[in-house]
Amino acid sequence: MKSSGRYYIIGVSDMAGGEKPEACEGVCVLLIDDEPDFVDDCAAILRRLGYCCLTARSGKLGLEVYRESHPEIVLTDLNMPEMNGLALLRSIKGIDPGAVVILITAYATIDTAIEATRAGAFDYLRKPFTTAELRKVLERAGEHRARRLEQGTTAVASSRELDFSAIVGASEPVKEMFRSAACAAEGGTNVVLLGETGTGKELLARAIHTSSQRAEGPFIPVDCAALPEPLLESELFGHERGAFTGAVSLQRGLLELANGGTLFLDELEELSLPTQAKLLRSLEERQVRRLGGQVFVDLNIRIIAATNQDLEGLVALKRFRDDLFYRLNVLTIRIPPLRERGSDIPLLADHFLQTFARRTGKPVAGISAAALLILEQYPWPGNIRELRNVIERAVSLTSEQYISPLDLSDQLLRKSQQMHTAFRQEKRKSVEDFERHSITELLTRTQGNVTEAAKISGMDRAALHRLMRKHGIDSRTYRGHTGQDAG
């Protein structure tokens, strides 16, 4: 039995905190290991070091991901079932002799090190390793790759320009999202977009598609929650004439229609287990058979799936297939809710205002400072979609040049006022707790001597007495047995 992944990365808990990621230079690392704990820990560290990270839980799946995305660096475990690290290394080198592959293992021997070197491994990383060791070997791998590119010995990167201009935002959470999206666009792997309702998951999926090598192909969106199960299956896989009552003609499925392009599965968690199984088979075999048909149609598609649920939690509850989860979850991109990107609210509000002002032909020039303050303090449970609707309503209603609080809905104003009142109450409570704690600390330190406590705190003695009365604190409770004046 293998140890938990945390054994293998010394100091992983230090990196798992709130450190900001270093600047991402667009370098994509494919991490392959059959240990989920190790993959989760190491992937988190790689992202905090500024790398885009793809993951695979087996050698075979890792090879498939490599074929689709061609990442700059591969980190793979040596000891894995079915296809071990050396076999994977040779397969990758067969695809791209210039590939940069680093083997990682807890069972390092001289023989395996020599064999790995002869097979073309860039380096050999022994478990357990520190974050610093991981950073160092990746930096050397990046320098090695850069030299090879300069010498023209590796394939030239795609010249397609990444275009995320349709997505408005400049906050740090959005920049981090853009970095991951750029990695997804440059590769060809399946992607899972994780975000609350109204955060713009389909907009990001379209941006990834139009910036990818599949941009000339179709982008087919599917709302998995909008169709009943029998109809959804027919829509996805298609059907032959006479396959069921009402099937009066042949219909190609959305999987088939997405050939050469991208299939966007929104609300992925709504797929039933039988449909999940059928989708998995189609993706693994790269073929689809229509309902009632005998002929298999070849597939060349990419899946971008979106969800607002914890898919790993659904896997644990047996409500989502683990094999389909691993097939789709090569790269996860988290889309931040609007409340986490408050600095983007003025940009988004102005963008929507200009859009609706042009559409309605109304000379609305901007948003007043008072109205903007309300928008910035509102929690936006409906995210960007709710903000868009609020601005559209305000533009429609206003008769002035600038949107004012009077143009905002009563519900929004009421919620904002409630939020402001709750904030003031919480702030007052925090101040009172701080005062009470500080006075208690001072009186404990001075054994109830108010005069000494006032000197230490720099407060006037009368002011300290007022605070004590306010909080019901009696200095005699803290008086010691040294005979000091309690003030």
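The model is predicted, so local features need pLDDT of at least 70 and side-chain atom pairs count only at pLDDT 80 or more, while totals for chains, interfaces and linings use all residues. Residues are numbered from 1 along each chain as its sequence is written, and side-chain values use heavy atoms, with hydrogens and water left out.

Let's start with the whole protein chain. It holds 19 helices and 18 strands, taken as DSSP runs numbered from the N terminus (H or I, at least four residues, for helices; E, at least two, for strands). Of its 487 residues, 45% are buried, meaning under 20% relative accessible area with a 1.4 Å probe, protein chains only. Contacts are heavy atoms within 4.5 Å; among those between residues at least 6 apart in sequence, 72% join residues at least 24 apart.

Now look at helix H16, which runs over residues 383–397. Its 15 residues reach 22 Å from first C-alpha to last, close to the expected 21 Å, a span worked out as 1.5 Å times one less than the number of residues. Its buried residues are Asn383, Ile384, Glu386, Leu387, Val390, Ile391, Ala394 and Val395. Seen down the axis of H16, they fall within an arc of 170°, so they line one face of the helix; the arc is that of the directions from the helix axis to the C-beta atoms.

Finally, find threonine 105 in strand S5 (residues 100–105). Threonine 105 is buried, with a relative accessible area of 1%. Leaving out residues up to four places away in sequence, threonine 105 touches Asp77, Leu78, Asn79, Tyr124, Leu125, Arg126 and Lys127.

Technical notes
Buried < 20%, exposed > 50% of the residue type's maximum accessible area, 1.4 Å probe, protein only.
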